[in-house]
Amino acid sequence: MDGQTPASETLPCGPVPGAEALFTQARTPRSFSPRPVGEDVLRHLYDLVKLGPTSGNCSPGRFVFLTTRDARERIRPALSPGNVARAMAAPVLAVVCHDPLFFEALPRLNPQEGLRDWFAADVGLSDETAFRNGTLEGAYLIMAARMLGLSAMPMSGFDSFMVEDTLLNATGWRVNFLVGLGYPAENEPAPDHAEPRAPRLDFGEACLCL
């Protein structure tokens, strides 16, 4: 090892700066502040999301930000009953999507020759790549929102085809999941006083070191 400390021994054993905001203290909110989320904040949010890594920089994630009550009402019929109140109350409802034709932008995003044609010729590969990496970018959205001081409320439980028919006919994008975005409500408990988290699987149950 040439006298050097192995990389695994140089990692900090305590909390990493920013980890509390992203994981330890962050919780899915029960409600939001009425404070509006401006377009400038959403632009900053996307500017962070777009820097997250994707396969070959394919960047298939697409986002529709429903910023008005009228816009959110358009997809009310598509929501499962348990999500209606939460979706309507969010100052912004982000519709996390992916573009099945993401490969059309690859000549601008990746200099590798023939990459666009490779994906265009294999629908199964392109669909799998779009969904996997679009989901990844949706996770970046949640993390970036938390770093910007927003609360994020991910939701499934909706009719994706109805949402696509209502919002996305002109784009061809496919819906993955929804995220309510807003500033924390004043009555949200501080992390030290929040209810205990729901259980998670421990390392031995969820991980293998081979």
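Me: What is the mean pLDDT of the chain?
Reply: Keep in mind that this is a predicted model. The chain averages a pLDDT of 90, with 89% of its residues at 70 or more.

Me: And where does pLDDT stay under 50?
Reply: Over residues 5–12, and the model has 2 contacts beyond four places in sequence for that stretch. Where pLDDT is low, the predicted coordinates should not be read in detail.

Me: How many bridges does strand 4 make with strand 2?
Reply: Strand 2 (residues 92–98) and strand 4 share 7 bridges and pair in the antiparallel sense. If you want a spot to look at, Val95 has Leu178 in strand 4 as its bridge partner.

Me: And how many with strand 3?
Reply: There, 5 bridges join strand 3 (residues 151–155) to strand 4, again running antiparallel. Ala152 is bridged to Leu181 of strand 4.

Me: Is strand 4 mostly covered or mostly open?
Reply: Mostly covered: 8 of the 9 residues in strand 4 (residues 174–182) are buried.

Me: Switching to backbone torsions. What is phi at Asn57?
Reply: About 55 degrees, so a positive phi in a residue that is not a glycine. Asn57 sits in the loop between helix 3 (39–49) and strand 1 (61–66), and is partly exposed at 33% relative accessibility.

Me: What about phi of Ser59?
Reply: Ser59 also isn't a glycine, and its phi is positive, near 50 degrees. Ser59 is in the loop between helix 3 and strand 1. At 17% relative accessibility, Ser59 counts as buried.

Me: Cysteines next. How many disulfides does the structure hold?
Reply: It holds 0 disulfides.

Me: Why is Cys207 too far for a bond with Cys209?
Reply: Because the Cys207 sulfur is 7.0 Å from the one in Cys209, its closest cysteine sulfur, and the cut-off for a disulfide is 2.5 Å. Cys207 is partly exposed, with a relative accessible area of 34%.

Me: Is Cys97 buried or exposed?
Reply: Buried, at 1% relative accessibility.

Me: Last topic: how many salt bridges does the structure hold?
Reply: The structure holds 9 salt bridges. Arg69, Glu73 and Arg76 are linked in a network of them.

Me: What are the N to O distances for Glu73?
Reply: With Arg69, the closest N and O atoms are 3.1 Å apart; with Arg76, the value is 2.8 Å. Glu73 and Arg69 both belong to helix 4 (residues 69–73), 4 residues apart, about one turn of the helix.

Me: Which residue does Asp47 form a salt bridge with?
Reply: Lys50, with the closest N and O atoms 3.2 Å apart. Asp47 is partly exposed at 37% relative accessibility, and Lys50 is partly exposed at 40%.

Conventions:
Residues numbered from 1 in each chain as written. Predicted model: local features only at pLDDT ≥ 70, side-chain atom pairs only at ≥ 80, totals over all residues. Heavy atoms only, no water. Buried < 20%, exposed > 50% of the residue type's maximum accessible area, 1.4 Å probe, protein only. Helix = DSSP H or I, 4+ residues; strand = E, 2+ residues; numbered from the N terminus. Pairing = 2+ DSSP bridges. pLDDT = per-residue confidence, 0-100. Contact = heavy atoms within 4.5 Å. Salt bridge = Lys/Arg side-chain N within 4 Å of Asp/Glu carboxyl O.
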